[in-house]
Amino acid sequence: MYNEYAPPIPAPQALAALKSGVADLAVVTTPISTEGSLKYHKLREFRELIICSTKLKDLAKRTLTLEELCSHPIISLNRNTRTYDFYSDFFFQHGIDFQPDIEVATADQIMPLVKSNLGIGLIPEPMAQSGDVYILKTDEEFPKRSIVLAENADKKLNAAATEIQKMILKKCSMFANAEM
């Protein structure tokens, strides 16, 4: 509901808002720091996908090495996000320096850039369902990540936040049961 009226807030800022009491709940993606008084409810697991436009669709016909992938322009979230750190760590573990050519503030900015033939995008799996893009396969698969609902365990939720939390958890459990 909030996203209809305001831009998404990066996970570190959302978690800081929880810790300071400015926010009651936050929906963020892992990896996240588990230190402190925050409590997490796993909502859904997903994988990162690598996508390209119709211009590069021939790449989707075969499995690419990470080196081959990095020989093309890469579009990613910016350095101020945990997702960037996730990508950077993943590529580092495979001996590759992660250097995206285009960095954006939010994941929803990646798809239009890919569709405009500006590069290969790294996006969460749920966002790749909007068509006109091809999913690329690599010899190394990204580890699974999770979408979690976070709250400050030291602070009692007010009635409105409790109801929103119940709605989110109920909706996500319905999706989880439908996916099994």
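User: Which element gives the largest share of the lining of the second largest pocket?

Analyst: This is a predicted model, in which local features need pLDDT of at least 70 and side-chain atom pairs count only at pLDDT 80 or more, while totals for chains, interfaces and linings use all residues. Residues are numbered from 1 along each chain as its sequence is written, and side-chain values use heavy atoms, with hydrogens and water left out. A pocket is an open set of points on a 1 Å grid over the protein atoms alone where a 1.4 Å probe fits, with protein on both sides within 12 Å along at least five of seven lines, and lining residues have an atom within 4 Å of a point. Among the elements, taken as DSSP runs numbered from the N terminus (helices H or I, at least four residues; strands E, at least two), the one with the largest share of this lining, four residues, is β8.

User: Which elements give two or more residues to the lining of the second largest pocket?

Analyst: The lining of the second largest pocket includes Arg47, Glu48, Leu49 and Ile50, and also Ile135, Leu136, Lys137 and Thr138. Two or more residues come from each of β3 and β8 (134-138).

User: What is the volume of the second largest pocket?

Analyst: Grid points are joined across faces, edges and corners, and the volume is the space filled by probe spheres set on the points. For the second largest pocket this comes to about 190 Å³.

User: Which residue in β8 does Ile50 stand opposite?

Analyst: Strand β3 (residues 48-52) is joined by four bridges to the antiparallel strand β7 (residues 120-124). In β7, Ile50 stands opposite Leu122. In β8, Ile50 stands opposite Leu136.

User: Why does Leu69 count as buried, and what is its relative accessibility?

Analyst: Leu69 lies in helix α2. Leaving aside neighbours within four places in sequence, Leu69 is in contact (heavy atoms within 4.5 Å) with Ile50, Ile74, Phe91, Ile120, Leu136 and Thr138. Buried means under 20% relative accessible area, exposed over 50% and partly exposed in between, with a 1.4 Å probe and protein chains only. Leu69 counts as buried because its relative accessibility is 0%.

User: Is Pro124 buried or exposed?

Analyst: Pro124 is in strand β7 and touches Phe46, Arg47, Glu48 and Ala107, not counting residues up to four places away in sequence. With a relative accessible area of 19%, Pro124 is buried.

User: What angle does the direction of helix α1 make with that of β1?

Analyst: Three strands form an open antiparallel sheet in the order β1-β9-β2, with β1 (25-29) and β2 (38-46) as its edge strands. The twist averages 25 degrees from one strand to the next. Helix α1 (residues 11-20) packs on this sheet, touching β1, β2 and β9. With axes fitted as lines to C-alpha atoms (for helices over the stretch in contact) and angles taken from 0 to 180 degrees between N-to-C directions, the value is about 150 degrees.

User: Which residue in β9 is the bridge partner of Lys39?

Analyst: Eight bridges join β2 to the antiparallel strand β9 (residues 145-152). The bridge partner of Lys39 in β9 is Glu151.

User: What is omega for the peptide bond from Thr30 to Pro31?

Analyst: Pro31 lies in the loop between β1 and β2. The bond from Thr30 to Pro31 is cis, with omega near 5 degrees.

Technical notes:
Two strands pair if DSSP finds at least two bridges between them.
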